[in-house]
Amino acid sequence: MTARRRTVLLCLALIPLTTPAAERLLLPRSDGIKTPVMHYAPVGVCLGTVILSHGAGGSENGLSYLGEFLQSKGWRAVVLGHAESGRAALRAKIPGMDIKAGLAALITDPAAYRGRFADIQAALAWQQGRCKNPFTALVGHSMGAATVMLAAGAENKLGLRTRIGFDAYVAMSPQGVGRIFPENAWHGITAPVYALTGTEDKELNADWRSRLEAYKNMTPGCKWQGVITGANHMAFGRGGSESEKTLITGSVLAFLQKAKAKDCSRPFPGKGIRIDNK
């Protein structure tokens with residue numbers, strides 16, 4: 001064996017065959033509280049940073065399917081743990097065994113959102129300078145989708161006036177007009193937004209079609225609306241079936257790439273998903 005061949009084989013042996021495992025971190029907030037996160041570091045050049053926000057009653061251990069996928073594609077993914085709207089917070093809101101009432105109370109609690117915003121700011125501060133590409137995106141599911149829309153600048157009924165600047169936003173299972181958002185709440189959002197839902201993705205007290213209202217109300221300019229046939233609410237939180245997971249992850253990645261390139265035309269094609277854009 002030649003010296004050159006030995007060198008090539010040694011280099012190949014040093015290349016990881018799989019992406020590294022997620023790293024559990026505690027990030028300091030401005031109020032002294034520490035935010036638990038799962039950090040999915042990319043291998044090689046970092047293409048951008050995506051911060052992910054779970055739904056009511058969730059944790060930093062959720063949305064792992066999306067964090068792992070983005071990591072494998074060269075993106076830094078940070079899944080937040082929101083203590084003020086996690087499992088313990090939801091349990092404290094449930095009167096007796098009425099889970100729906102508990103969820104309704106939690107997703108309309110302004111203090112819970114203020115905690116979420118502090119978590120997001122902690123992650124933004126931590127990630128500064130860690131990725132060569134400065135592009136950032138905020139992705140959220142359910143209550144996390146409401147968090148995304150609020151951060152993007154949606155009007156609300158909760159007295160919240162927090163806008164957090166990202167280059168792009170992805171809201172999975174976004175809410176329509178109701179307890180959180182008034183009529184025309186999303187009209188002032190100018191940043192790129194991808195709203196994603198499914199035909200079985202029902203709200204607490206509304207049909208899945210209510211989740212289309214945000215996109216309809218937003219002004220044109222890199223806005224996407226995705227609808228996955230048959231996907232229910234938990235498909236977006238856990239990844240659903242293999243075909244649903246492929247459509248969710250593929251379309252989210254396509255949107256991020258398009259928003260980053262500032263060319264949001266030609267949405268992601270795929271059997272089982274319909275994507276409108278404007």
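Trainee: At what angle to strand 2 does helix 2 (residues 64-72) run?
Mentor: This is a predicted model, in which local features need pLDDT of at least 70, side-chain atom pairs count only at pLDDT 80 or more, and totals for chains, interfaces and linings use all residues. Residues are numbered from 1 along each chain as its sequence is written, and side-chain values use heavy atoms, with hydrogens and water left out. Helices (H or I, at least four residues) and strands (E, at least two) are DSSP runs, numbered from the N terminus; axes are lines fitted to C-alpha atoms, for helices over the stretch in contact, and angles run from 0 to 180 degrees between N-to-C directions. Helix 2 lies across strand 2, strand 3, strand 4, strand 5 (136-141) and strand 6, and its angle to strand 2 is about 50°.

Trainee: Which residues of helix 2 are buried?
Mentor: A residue is buried under 20% relative accessible area, exposed over 50% and partly exposed in between (1.4 Å probe, protein chains only). Just past the end of helix 2, Gly74 has a positive phi of about 95°. Within helix 2, the buried residues are Tyr65, Leu66, Gly67, Phe69, Leu70 and Gln71.

Trainee: In what order do the 9 strands stand in the sheet?
Mentor: Two strands pair if DSSP finds at least two bridges between them. The pairing here is mixed and the sheet is open, with its 9 strands in the order 1-2-4-3-5-6-7-8-9.

Trainee: Which strands stand at the edges of the sheet?
Mentor: From one strand to the next, the twist averages 20°. An edge strand has a single partner strand, so one of its sides has no neighbour in the sheet; this applies to strand 1 (23-28) and strand 9.

Trainee: How many residues lie between strand 1 and strand 2 in their hairpin?
Mentor: Strand 1 and strand 2 pair in the antiparallel sense over 6 bridges, and Pro28 has Lys34 of strand 2 as its bridge partner. Gly32 in the turn has a positive phi of about 95°, and the residues between the two strands number 5.

Trainee: Is His39 buried or exposed?
Mentor: His39 belongs to strand 2 (residues 34-40). Leaving aside residues up to four places away in sequence, His39 touches Ala22, Glu23, Leu25, Arg76, Ala77, Val78 and Trp126, where touching or contact means heavy atoms within 4.5 Å. Because its relative accessible area is 5%, His39 is buried.

Trainee: With which side chain does the side chain of His39 make a polar contact?
Mentor: A polar contact is a pair of N or O atoms within 3.5 Å; within protein, one must be able to donate a hydrogen and the other to accept it, and residues adjacent in sequence count only if both atoms are side-chain atoms. For the side chain of His39, the distance is 2.7 Å and the partner is the side chain of Arg76.

Trainee: Which residue stands opposite Arg76 of strand 4?
Mentor: Strand 3 (residues 49-53) and strand 4 (residues 76-80) run parallel and are joined by 4 bridges. Across from Arg76 in this pairing stands Thr49.

Trainee: How are helix 5 (residues 110-127) and helix 6 (residues 143-152) oriented to each other?
Mentor: The two helices pack at an angle of about 70°, with their axes 11 Å apart. Angles under 35 degrees count as roughly parallel, over 145 as roughly antiparallel, 65 to 115 as roughly perpendicular and the rest as oblique. Helix 5 and helix 6 are therefore roughly perpendicular.

Trainee: Which residues of helix 6 make the contact with helix 5?
Mentor: Helix 5 contributes Ala112, Tyr113, Arg116, Phe117 and Ile120. On the side of helix 6, the residues are Met143, Gly144, Ala146, Thr147 and Leu150.

Trainee: How many residues of strand 7 (residues 193-200) are buried?
Mentor: Strand 7 runs parallel to strand 6 (residues 168-172), with 4 bridges, and parallel to strand 8 (residues 223-232), with 7 bridges. Val193 of strand 7 has Tyr169 opposite, while Leu196 has Gly226 of strand 8 opposite. Strand 7 is mostly covered, and of its 8 residues the number buried is 6.

Trainee: What is the relative accessible area of Lys262?
Mentor: Lys262 lies in the loop between helix 9 (242-261) and strand 9 (273-277), and has a positive phi of about 60° although it is not a glycine. Lys262 is exposed because its relative accessible area is 76%.
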